Amino acid sequence: MAADINARSRPASRPPIVLTFAASDPTGGAGLQADLLAIAAMGCHPLSVLTGITAQDTSGVHGLQALDAGWVDEQARRVLADVRVDAFKLGVLGSARNVAVIASVLADFPEVPVVCDPVLASGRGDALADQAIIAALCESILPQATVVTPNGPEARRLAGTSDLAACARRLLSMGTEYVLITGGHEDTEEIVNRLYDGAGVVREDRWPRLPGAYHGSGCTLASALAAALASGASVPEAARDAEEFTWQALAAGFAAGRGQLIPNRFFEQ
């Protein structure tokens with residue numbers, strides 16, 4: 001009996017570990033909470049560094065308070081001195097100073113893949129990044145990113161041009177290895193997502209457009225992509241797996257409040 005108890009008490013094998021930098025969303029639909037749910041649902045263990053707090057509901061963001069950059073740095077340095085991570089995911093970073101300290105942290109781990117979701121506005125259009133943050137992202141985060149995952153409006157704002165293929169080329173010229181531009185905001189019958197590298201389109205995936213509006217779809221996609229990379233998938237494979245996971249989570253979405261639907265990251269898989 002003692003031998004059986006000892007066998008059961010041995011720790012399980014270590015899952016892949018993903019560290020997310022993000023602001024909190026009290027609804028759990030987007031932000032830090034969405035990242036944690038998606039990463040866990042993809043079979044990984046999530047670590048988190050809080051970059052800011054928001055006042056929001058399922059309709060939109062009513063306020064964002066960035067955390068002091070020193071606290072962002074302290075959170076990250078402490079946990080990374082203790083735990084080996086397999087991927088980073090970046091969401092709302094809160095301030096240009098936060099971007100700078102996070103870029104410094106990433107520079108110490110060049111072998112770890114980085115997924116950057118450049119969240120510039122909420123789904124309703126509430127601003128979550130000013131020009132200083134955008135400039136800092138382009139200057140110090142994109143050169144270290146493995147994949148950047150903007151939607152159409154974000155890609156156009158980052159790149160300063162309207163054609164999405166030209167946006168991808170511009171973002172790639174800033175140093176990122178891949179750009180995944182999602183098509184949920186485009187006026188198309190289907191949602192068309194395209195993954196680009198320096199040679200052009202790596203893959204194009206088409207998904208049925210679901211009715212309704214969703215809170216946290218971009219966070220879900222980027223976090224699932226980071227989890228797939230942490231689990232050993234190539235970028236094209238990780239992009240396809242993350243898109244499938246996100247579409248299924250949206251299809252199983254639910255109304256928690258009176259605004260946008262919340263993705264169900266623990267849909268029956």
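Mentor: Happy to! In this predicted model, nine strands form an open sheet with mixed pairing, in the order β3-β2-β1-β4-β5-β6-β7-β8-β9. Its edge strands are β3 (60-66) and β9 (200-208), each of which pairs on one side only.

Let's look at one pair of strands. β1 (residues 17-24) runs parallel to β2 (residues 45-57), and eight bridges link the two. Look for Leu19, which stands opposite Leu47 in β2.

Helix α3 (residues 69-82) lies across β1, β2 and β4 (87-90), at about 160 degrees to β2. Helix α8 (residues 217-230) lies across β1, β4, β5 (114-116), β6 (147-148) and β7 (178-181), and runs at about 170 degrees to β4.

Next, the nonpolar cores. The largest has 45 residues, and Phe21, Phe88, Leu90, Ile102 and Ile141 have the most contacts inside it. Apart from that core lies another, of 28 residues, including Ala38, Ala228, Ala233 and Phe267. Leaving aside residues up to four places away in sequence, Ile102 touches Phe21, Thr51, Val72, Leu90, Leu93 and Ile141. In soluble globular proteins, nonpolar side chains tend to be buried together.

Finally, have a look at Leu37, in helix α2 (residues 31-41). Leu37 counts as partly exposed because its relative accessible area is 32%, between the 20% and 50% cut-offs. Beyond residues up to four places away in sequence, Leu37 touches Gly28, Arg265 and Phe266. The C-alpha atoms of Leu37 and Ala224 are separated by 9.5 Å, although these residues are 187 residues apart along the chain.

Definitions and conventions: Residues numbered from 1 in each chain as written. Predicted model: local features only at pLDDT ≥ 70, side-chain atom pairs only at ≥ 80, totals over all residues. Heavy atoms only, no water. Core = buried A, V, L, I, M, F, W, Y, C linked by side-chain atoms within 4.5 Å. Buried < 20%, exposed > 50% of the residue type's maximum accessible area, 1.4 Å probe, protein only. Contact = heavy atoms within 4.5 Å. Helix = DSSP H or I, 4+ residues; strand = E, 2+ residues; numbered from the N terminus. Pairing = 2+ DSSP bridges. Axes fitted to C-alpha atoms, helices over the stretch in contact; angles between N-to-C directions.
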